[in-house]
Every structure is written in C-alpha cells, then in structure tokens.
Amino acid sequence: MNASWGAAGAVLALLAASLIWGSTFALVKSALADAEAVAFLAWRFAAAVGTLALAAPFALARELRGASPKEWAMGGATGFFLYGGFFFQTEGLRFTSAANSAFITGLCVILVPFILWAGGGRLARVHVLGAGVAVLGLFLLSGADLSASGWGDALTFACAVLFACHIVCLGAFGRRMRTFGLFALQLIAASALAALAARTLGGSIRWSGAVLLALGITGALATTLAFLLQTWAQRRLEPAQAALWLLTEPIFALGFGALLLGERPGVPAMLGAGVILAGLFISVAGGPLDLAEENRAQA
C-alpha cells in the first residue's frame, strides 16, 4: 500500500474511533445514574471481551494459543495502561468537575512527545507546538477551572500519564505484534484488571434499560471496535500525531451533546474546537505523518 494512503487510512480509523467515543458520552452519562463507575467499567470490558469471543472465536483462540511470553507481556502492559487510565479518570471524577477531567485527560496529547523523548526518541518541536495549541483549544472547549486544583485533579493527571503511556505502547508494540494479537491481549488484560478492581472496591449496579443499552454499545463499539481501530492505526502513524487526532473526541462529544442532550455550546467551546483543529494542522504540516515513511528516512 502506498505510504500516503496508509497514513490517510490510519487517520480515518482514528477519527472513526474518536467519533464512536464522542457519541457514547451521553449514553454513559445516563447509565451512571444507575451504576457505580467501577462496576460499570468491569461490565463494559467484560462485554467487550464477550463481543470479541462471539465475533472472532477462532482468531481469538489462535492468538491466545500462539502468543509468546514476550507478546503476553507487551499486551499485558498495554492493557494495564488502558485500564489504569480509565480507573484514575473514574476516581478523579469523584473529586473534580467533568470540565477539569476532560481538560486534564487531554493533557496526554502533550505528554506523549516527552515520553518518547525520555525513551530516546526525537522530540520534534512542531509536534510539541501542535500539541500545545490543541491543549489550549481543549481548555477553551472544556471550560475547565484550575484555580483550586485538588486531589481529583491529581488523580486525573495520573490518568493522563497512563493514557499517554498507552498510546506510546501501541506505537511501539504495534510494530512487533500482529494487530489483532495486540488488541486481543490488551483487552483481556484490561478486562481482568477491571474485574479485580470491581471485586476489591465493590460497586452497585441496577440493571435498567439505560445501563443495558450503554453496556451493549460501549462494549461492542466504544471498546471492541474503537480500540481495534486505534490499535490498527497506530501501526502506521507516529505516536505524537496519533495522540493529536484522538483529541477530536471532545469535538464529537460536543456535537452529540448538542444533538442528543440539547446542550448548546457557547462561543468559547466553539472557539476551542477550532483551536484544536489548528493544532492538528500544525502537527500534520510538520510531518512525517506515516510511521513507515519516518523509518525509511532514518534508515
């Protein structure tokens, strides 16, 4: 496949994943009225693994039988960072506002280049600039108020670090494992951690229609399909730029909030969405966009 077409397909996959995540915000918000977050996460990941087992049982069994200890370690580490991000985001939401949570979680975008740099990678200034502009846009869009940051914001910052590590892991391990294998192993690891957390911390759930609908959609689409798309895409994109494309999720959430919940975004939110897009264009203009192209240039 031509490199430019591969990069374009990866961007479309990340945009599709972000669209799915953004569209489920209203569903999850409704479901959490009947379920505690830790319990909901456990059932969400269980539903995702169940969906995967039903949709591709032979491929899943083949990957589980054929995975080497090293591949299990890579999938387990990726799954650890994935669930850890969700866990700290959930715990942080108990002590901070939704706006602060959205903004601080989005800081993973600007953390990714520095994590790569700390690991010996090249720190491209244009990517850092693009990430900084996008984070400014996210601040405007979310309406966060950091004047009295506390424990909840600290927990959410831990979530941002873990999500950044998850993005870096997908970029690094995705070149050393088959897409489906890495996806399946990380999903199983995250599901096991979610079940352990729910059993340890407890959490009630009332099986309402809203909960069942949210679990069905988030399990099958927002977890199984969306994370499969992200895993596939990050084999082909440089991690710092992949992180920026994922920042389109709050833009989609803004649109679906207006469509489904009647929430009308104000001028700062609309301006923030535009600034996020400006950050994306800055980063893309600084290229390379395609990971394979970058590897060839360094060879």
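**View 1. Confidence across the predicted model.** Among the elements of the protein, the highest mean pLDDT, 94, belongs to helix α10, and the lowest, 42, to helix α15 (residues 291-298). Here pLDDT is the predictor's confidence in each residue, from 0 to 100, and helices (H or I, at least four residues) are DSSP runs numbered from the N terminus. The protein averages a pLDDT of 83, and 89% of the residues score at least 70. Over residues 291-299, pLDDT stays under 50, and the model has 13 contacts beyond four places in sequence for them; contact means heavy atoms within 4.5 Å. Residues are numbered from 1 along each chain as its sequence is written, and side-chain values use heavy atoms, with hydrogens and water left out. As this is a predicted model, local features need pLDDT of at least 70 and side-chain atom pairs count only at pLDDT 80 or more, while totals for chains, interfaces and linings use all residues.

View 2. Helix α3 (residues 37-55) has 19 residues and reaches 26 Å from its first C-alpha to its last. That is close to the 27 Å expected at 1.5 Å a residue, the expected span being 1.5 Å times one less than the number of residues. Buried residues of α3 include Val38, Leu41 and Phe45; buried means under 20% relative accessible area, exposed over 50%, and partly exposed in between (1.4 Å probe, protein chains only). Thr90 lies in helix α5 (residues 69-93) and is buried, at 13% relative accessibility. Leaving aside neighbours within four places in sequence, Thr90 is in contact with Ala37, Val38 and Leu41.

**View 3. The salt bridge of Asp34 and Arg206.** The side chains of Asp34 and Arg206 meet in a salt bridge (2.4 Å, N to O), defined as a side-chain nitrogen of Lys or Arg within 4 Å of a carboxyl oxygen of Asp or Glu. Asp34 is in the loop between α2 (25-31) and α3, and Arg206 is in the loop between α10 and α11, 172 residues apart. Asp34 is buried, with a relative accessible area of 17%, whereas Arg206 is exposed, at 51%.

**View 4. The salt bridge of Glu63 and Arg178.** Glu63 forms a salt bridge with Arg178, with the closest N and O atoms 2.9 Å apart. Glu63 lies in helix α4 (residues 57-66) and Arg178 in the loop between α9 (151-173) and α10, so the pair ties together parts 115 residues apart in sequence. Glu63 counts as buried at 7% relative accessibility, and Arg178 as partly exposed at 46%.

Methods
Helix = DSSP H or I, 4+ residues; strand = E, 2+ residues; numbered from the N terminus.
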